[in-house]
Each structure stands twice: as C-alpha cells, then as structure tokens.
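Subject: Structure for your review

Dear colleague,

Please find below the structure that I would like to hand over to you. My notes on what was found in it follow directly after.

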Amino acid sequence: DTQDVASGDEKELRAPICCILGHVDAGKTKLLDCIRGTHVQEREAGGITQQIGATYLPAENIRDRTSLKAETAIKVPGLLVIDTPGHESFSKMRSRGLSMCDVAVVVVDIMKGLEKQTVESLHLLRRHNVSFIVALNKVDRLYGWKECTNAPIVEALKKQSDDVKREYKWRLTKVVTDFKENGFNTAPYYENNKKKKVVNIVPTSAESGEGVPDLLLLLVRWLPDIITDKLAYDDTVECTVLEVNEHKDLGTTVDVVLINGVLRQGDQVIVCTKQGPVTTIIRDLLTPHPMKELKAKGAYKHHKEVRAAQGVKIVARGLQYAMAGTSLIVVKPGDDLRQAEAAAMQEIDMAIRTTDENEKGTKTQEVSSIKTCKEGIYVQASSVGTLEAIIAHLKSSSVDIPVYAWNLGPVYKQDVMKASAMLKRKEEYAVILAFDVKVMPEASALAAESGLKIITADTVYRLVNIYTEHIKGLKEAKKMQFAAEAVFPCTLKILPNRVYHSKDPIVCDVEVVEGVVKVGTPICVFTPSKDKSKNIIVHSLGRISSMQTSNGNQIFSARNGVVAIKISGDSPQEKSRSYGWHFDSSNELVSEISRRSIDVLKECFRDEMRAENWQLISRLKTQFKIA
Ligand code: GDP
C-alpha cells in the first residue's frame, strides 16, 4: 500500500512491531482480540492477516476503524502485533523477545491499578529502552458506564454521567501516582503536551471497544514520529527466532519475526543452535491464510519472498536445535561466511549465558546496572524487575538511600551475614528490604541475634515507607541516648541590674545574642589570664537547670529575646563561682562545647542545627582551642 506511505524524500518506514504486556487478567488477550479485529465486523476486518505468532494490520484497516480523515497521511504501511499473551515462547524469551519490539502496550486494569507484573514489565521496557503506551483497560467496569461500542475515548467519556466521570478521574489519578512512584511520568494522551517525554495513557475497554481506535492511532501516528530512525526500512535482514516447531508434513520449521529486510526462498542463512552455528538454505516461506487461527489446520500460503515487518514460518534443514530469541542471519553471495558464523557464535554464547542465569534464578547480566556502594542497605527481591522497582523507589524517595548489595530469591543466613557488615559501618543501613521472597527461619534468627532488621511488606511503596519510618525511630532513640552529651551553641548577655542570685544557683536575666539556649546546656565564662602563656581561662559555672520567659512561663529552649535562667553547679569549683567576684556583666556567658559534644551534634542532631549554629560552633572552636 504505497498510498499511505509518505512520499517525497522522506525515508520509507516499515511497520512497527508491537507487543502487549501486563499483569495476568488485566485483559491482554481480550485487547489483542479487539486490536486484531476478531471482534470487528466482517466488513471492517479488511486486510487483517494473521502471521506466524503475530497479526498484521494494514494502515488502511486502521484508518477505517478510526475517525482519521482520508487526507491525513499515515507514515507506516501497517502495524505488526506480536501475539504475546498466547505466545508462550515470547514470555520465555523475556528480554530477548522484547528487544525486537518497537513499542509495547502495557495493559493496566483501571479497577486494580499497577500490579506486580505490570511493574516488572515497566522495568524490562526501561532497560531495553522500548517506548510504550499504557492501555488503562476495563473502563466499562466503572459503575454506571454507558457503553459506546468502539468509540474514541473522549467521545465516550463525554457521554458518561458526572459520577462515572468522577470515579474515572479518581482512578486515573491513582494510576498516574503509581507510575510516578515507579519513576515514570504519565498522562492521559488527550491532555499530553509532551508526548516525547511523558508516557501516554489510553483508557480502553477490550469488552466494548472504547478507546481502541485511539490506541491504534497512537501506534501508527504518534509512534513513527518518536522513533523514525528505528523504523527506517533497511535491506539488511534483521530477524529473530520465535520458536521451533515439529511439523507433521514439513518437518522442523522455525517461526521468526522479520524485523527488517527481505527473506527469499533459496537464501543461505545461519541459525544459532546450542551445538553452534548451522548454515542452511531457506526452502519455503509460509504464512497462514488470512484470518485463520495460527493453530488451525490447513495449508499455508507459500511465498517466494517476505518483506519486513512480518511473522513467517521458515522451512529448511537443520533447524531442530535453533534457539528461541536468537537471530537468523542471511549470508548473501560475497559475504564472508566465517565472519557471519563468528557473529552467530557470539550470540549463542550470550543466549546460553542468559538462559542459564535465568534458570538458576540468579543474576542476569543486565542487573549490573544497579549501582552499589560501600555503605548502604541490602535489597532482596523475587525478580530483577521488582528489584529495580524497589531501587527506583529508593532513589525517588525524599531521602536518597544507597544500596550496599542485593540478591534474588529467599533470604538465607548468608544474606544476613553480608548485610550485617553495616552494623559496624552505619547502623541505619543495617537492614534487608525483602520483597516477595521467603525469609528462612535461620536467617530471621541470626538477624534477631545480631541486631539486623529484616523488613518485608506487600507493596514496594510500603516496604520503603517502613524503612524510612524505621530510620526515624532509630534517630529519635539515638537522640534520647545522647541528649545529655549534646551541647547546642549559644552566647548570652547578662542584664546587669537583673541578677537575682549571684552564687549557686546563679539566677539572672539574659539576652540570647547568638545560637540557641537550652535547659541542660553547660555554661562558662572566659576571663583573661595573668599567666602570659595562656591568654584566656575558661570558668565553668554549671548547667542551666531551668529557664523562664519574662512572664514566668517555663521553657526549655530559646533562640532570641530575654529569658531568666538558673545555673546550677555540679562540682565544688562550679558551686564556688559567684557573680561580681569571678565574673560580671562584661563577661559573655557561653555554652561550653567540646570535641565530643560537637561530634554528638553532627551524628544525631543535624536536623535541629541551623547553618548559623554551625558557624557559631566553628567560631567557638577556636576560642576553646578545639582541634
Ligand atoms: P490476560 O490474562 O491479561 O490475557 O486477561 P484476559 O484478556 O484473559 O482477561 C481477563 C478477564 O477480564 C476476562 O474474563 C476478560 O473477559 C475480562 N476483560 C478483559 N478486558 C476487559 C474489559 O475491558 N472490560 C471488561 N468488563 N472485562 C474485561
């Protein structure tokens, strides 16, 4: 269909390849049915062909099903939708399957919001840099929804009652917030002005078809603008194996997705097998007859050549050990066969490695992207996806929480031992955040014994929340423990005619000149020394034992103004010091700080200290000759 392909000097684009992801029961299969037009009227099903493991929708078909005007150009010839939900091999291939897709539709049940597998999909997509659209499905479940079969969503929403609109808004906002928590900015597409940066949400009903035209339009109109270069048609063959089949009449065949280029009968190709690269010749290229189910019996359509993007079944010898998710490489006359085989070998290595690692349920190569550091918490999750969700959440939470180490699968004693390193280094990081994994009894026991905390929760959000609350609790406890040693800095001026008691306890009115004065603060005065080697002497007077405002109210702390203070001495020396004899109103009263008191402030009371308080500390440090 050249009519839909933009003419002139613009690049020729191929059909984008789309997959559908989401939590179980979100409606992936049903939405796929809807998109494939299994639901649409016979008349409207025009041109849709079922490919191998995929469905091809020509641009014309999409135009017919949407309100798009005839003169509006569609830059791509059509859309190839991978039959993800039905296609088990796709989910087995995981990331390798995903990397052949140009775009994903992430289905979210509007009544349930983001669920575990949704979040996993999101992080896979982010890792592979695949653009996506959110189908906020099952809008017809909103209480009182008026059905508007296959209508564009804005039209359908207009027809709804205020109650439905309100519920819709509320649920939409919740989903947007959920996405935000996972590090994605989203917006309903009809209000989205930053389509390159903000992910589009399309409300849909896979039941009655509302919003499905909008979704299709975004896929063929918005997407090509975003990933034009990726969609440029290229003669270089790019082809991924979906699965290997044993066919009664044809023998072994492989189903592939042809992403770019052309495959022809008679092409020499290399397939990746566990035994190494296998070179063979394409004998036949097959697709099912239009609109027939993939599994349906009956003859296939034979092709001399197939042009991307399409799903196709290849008949050739030596295919039985081909590995799903690997490339099929075409060797053209004049190509260096050795070089092509070496490329295949490299892919085989990689595929075997990732498969093994996936099967062991341990690290996949991609996880190395998680940054760890010497001091931080320990995170443990059931899958790479959830692990990444937690880490994204830790990063976006108000406090930036570093990660020391992570692991997948149940929490064992070894994990506790490793995480316990933080008990000595930084107590607040001595935790394991465990999400959706079992904590083995020996691990809990060891943690309880050593003082390591294991936090579990049913959502990532709660998990991180419990941790931040835990830190707050720790901080408060520490403050209590060290309160007696903390000395907040202050300087006070004695009001000369308002000294009520000159000797232990000293009682007088003072003006708070700098810093913050608190009950419990040790107070001293400086006097010049007669001994030339020491230029000042520090005289401790005792601690402030109580404090009052001018109208007689008891207070515990003051940052300015005039307050009455009582200073009670501890030692005989302190008790002996008296106003008028050892010091007078020309002496400044100063909080008596020490190296230790400064360390305690730094360690536990940072949140109560202001910048000017630190400045005062640094000035007093020189006066007290503290290093
Ligand atoms: P999958 O597991 O994601 O493939 O989900 P399915 O497509 O199998 O759908 C799960 C259930 O939800 C089925 O009973 C569907 O009929 C139902 N369902 C899916 N989409 C919608 C929708 O838009 N509206 C309503 N009311 N039900 C839906």
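How many bridges join strand β5 (residues 103–109) to β6, and in which sense do the two strands run? Seven bridges join them, and the strands run parallel. Two strands are taken to pair if DSSP finds at least two bridges between them. Helices (H or I, at least four residues) and strands (E, at least two) are DSSP runs, numbered from the N terminus. Val-106 has Val-134 in β6 as its bridge partner. Six of the seven residues of β6 (residues 131–137) are buried; a residue counts as buried if 20 or more other C-beta atoms, placed from the backbone, lie within 10 Å of its own, as exposed if 12 or fewer do, and as partly exposed in between.

Before you read further, please note two conventions. Residues are numbered from 1 along each chain as its sequence is written. The model is predicted: local features need pLDDT of at least 70, side-chain atom pairs count only at pLDDT 80 or more, and totals for chains, interfaces and linings use all residues.

Overall architecture

The chain has 627 residues, of which 41% count as buried. Its secondary structure comes to 17 helices and 30 strands. Among contacts between residues at least 6 apart in sequence, 71% join residues at least 24 apart, a contact meaning that the C-beta atoms, placed from the backbone, lie within 7 Å.

The ligand site

The ligand is surrounded by 16 residues, and the closest are Gly-27, Lys-28, Thr-29, Lys-30 and Glu-207. By class, the shell has seven charged, five polar and four nonpolar residues. Here Ala, Val, Leu, Ile, Met, Phe, Trp, Tyr, Cys and Pro count as nonpolar, Asp, Glu, Lys and Arg as charged, and the others, Gly among them, as polar.

A four-stranded parallel sheet

Four strands form an open sheet in the order β20-β19-β21-β22, with parallel pairing. β20 and β22 (453–457) stand at the edges with a single partner strand each, so one side of each is left without a neighbour in the sheet. Direction ignored, neighbouring strands of this sheet are turned by 20° against each other on average.

Strand β19 (residues 377–381) has five of its five residues buried, so it is largely enclosed by the rest of the structure. Ile-377, Val-379 and Ala-381 cover one side and Tyr-378 and Gln-380 the other, all of them buried. Five bridges join β19 to β20 (residues 403–408), and four join it to β21 (residues 431–435). Gln-380 stands opposite Asn-407 in β20 and opposite Ala-434 in β21. Ala-434 in turn has Thr-456 in β22 as its bridge partner.

Confidence

The pLDDT, the predictor's confidence in each residue from 0 to 100, averages 85 over the chain, and 88% of the residues score at least 70. Among the elements, helix α3 (residues 88–93) has the lowest mean pLDDT (49) and strand β8 (residues 199–203) the highest (97). Over residues 1–8 the pLDDT is below 50, and it stays under 50 over residues 359–368. Where pLDDT is low, the predicted coordinates should not be read in detail. The model scores ipTM 0.99 and pTM 0.58.

With kind regards

Note on methods
A residue is near a molecule or strand if its C-beta atom, placed from the backbone, lies within 6 Å of it. Two residues are in contact if their C-beta atoms, placed from the backbone, lie within 7 Å. Axes are lines fitted to C-alpha atoms, for helices over the stretch in contact, and angles run from 0 to 180 degrees between N-to-C directions.
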